[in-house]
Amino acid sequence: MSADLKSLRLFVAVADHGSISEGAKRCHIALAAASKRISDLEARARLPLLVRHARGVTLTSAGHGLLLHARAVLSAMDRLGAELDDFQNGVAGVVSITANASAIAQFLPAQIGSFLRLHPVLKIDLQERASTEVVKAVVGGLADIGVIEGHTPADGLECLAYRSDELAVVVARDHPLARRKRVGVEEVLRHDHIVVREGTALHRVLLAAAIEAQVPLKVRMQVGSFDMVCRMVEQGIGIGVLPFAAILPQLQILRLRCLRLDAPWAIRRHLLCVRREQDLTAAARSVLEHLRSPDTP
């Protein structure tokens, strides 16, 4: 089938909002025109893409398939447009990096900063995703380079050693554990947790530890960042398990204590991943080499 980009953008908006009328509004298209575009997409696909009901629409299996490819096509076109604009403005290339939150919090800012000081005409597009989503982005061509937690399945990708970090426990100063210097897994699992959103490597490792110990993981709250975990922990809502380096800056400004975690999984490896190193652009290859270098910050 063939489809124009405007119809694909409309379809993605309809899928995201569960409504043709809301999708039409987001794309600044009249409702009748939007309905016609969706019907034309279904006619070209020769399959129903949406199930229409009183509350809006849901995707069929074919619709889910189209949505996956539509996102990839639109992302590629957006990147193409951005790169062409950059070339017009004298920028020699754009490299996209998708990384997990731990790498962005601890390693990448200093490394990207030092790289861009050496290569001021290059541009880097950095996106944060859970490690599993990083893999999908690299496989799907939405990112040149990915950074993932070491135990993340990455079939079909070339993975390279990157950095290691250590997980630790953060508690409020008046928490029962606050006077401790180290704590074991079983004791950690007795307390309520503030966790970074479900699906992240941190959430998965905590869940795996709870399953192994045959106890439920007590999730009191899910938040979107390491900083927010620390702020909720300071309020006594629960404890957090975070990379040690991400906790340290918060100890200077919040009423917190940091405990070493006695667990075999407290030391973690992070990996760089690409589709094929030999297929990278010269700009992306130079970024990859900079990230791999042990001499960079």
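# Cavities and pockets in a predicted chain

The chain contains 12 helices and 12 strands, where helices (H or I, at least four residues) and strands (E, at least two) are DSSP runs numbered from the N terminus. This is a predicted model, in which local features need pLDDT of at least 70 and side-chain atom pairs count only at pLDDT 80 or more, whereas totals for chains, interfaces and linings use all residues. Residues are numbered from 1 along each chain as its sequence is written, and side-chain values use heavy atoms, with hydrogens and water left out.

**Overall dimensions and packing**

- The C-alpha trace spans about 65 × 50 × 35 Å along its principal axes.
- Of the 297 residues of the chain, 45% count as buried (under 20% relative accessible area, with a 1.4 Å probe and protein chains only).
- Among contacts (heavy atoms within 4.5 Å) with a separation of 6 or more, 72% join residues 24 or more positions apart.
- The accessible surface comes to about 15,600 Å², and 53% of this area belongs to carbon and sulfur atoms; the areas come from the Shrake-Rupley method with a 1.4 Å probe.

**Enclosed cavities**

- The structure holds 2 cavities of 30 Å³ or more; on a 1 Å grid over the protein atoms alone, a cavity is a set of points where a 1.4 Å probe fits but cannot get out, and lining residues have an atom within 4 Å of a point.
- The largest cavity has a volume of about 110 Å³, a volume being the space filled by probe spheres set on the grid points, which are joined across faces, edges and corners.
- Its lining comprises 15 residues, with Asn100, Ala101, Ser102, Thr200 and Ala201 nearest the centre of the largest cavity.
- The elements that give two or more residues to this lining are α5 (101-106) and α9 (201-213).
- By class, the lining of the largest cavity has 6 nonpolar, 4 polar and 5 charged residues (Ala, Val, Leu, Ile, Met, Phe, Trp, Tyr, Cys and Pro count as nonpolar, Asp, Glu, Lys and Arg as charged, and the others, Gly among them, as polar).
- The second largest cavity holds about 50 Å³ of space.
- Ile194, Val195, Val196, Leu202, His203, Leu206, Val229, Val241 and Leu242 line the second largest cavity.
- Two or more of these lining residues come from each of β8 (193-196), α9 and β10 (240-243).
- The lining of the second largest cavity has 8 nonpolar residues, 1 polar residue and no charged residues.

**Strand β8**

- His193 and Val195 point one way from β8, while Ile194 and Val196 point the other way, and all are buried.
- β8 pairs with β9 (residues 219-223) in the parallel sense over 4 bridges; pairing requires at least two DSSP bridges between two strands.
- Met221 in β9 is the bridge partner of Ile194.

**Open pockets**

- The largest pocket contains about 260 Å³ of space; a pocket is an open set of points with protein on both sides within 12 Å along at least five of seven lines.
- Its lining is formed by Leu68, His69, Arg71, Ala72, Arg129, Glu133, Lys136, Ala137, Gly140 and Leu142.
- Both α4 (61-88) and α7 (131-139) supply at least two residues of the lining of the largest pocket, and α4 gives the most, with 4 residues.
- This lining divides into 4 nonpolar, 2 polar and 4 charged residues.
- The second largest pocket has a volume of about 210 Å³.
- Of the 13 residues that line the second largest pocket, Asp144, Arg275, Asp279, Leu280 and Thr281 lie nearest its centre.
- The elements α4, β3 (93-99) and α12 (282-292) give two or more residues to the lining of the second largest pocket.
- That lining has 4 nonpolar, 3 polar and 6 charged residues.

Technical notes
Buried means under 20% relative accessible area, exposed over 50%, partly exposed in between (1.4 Å probe, protein chains only).
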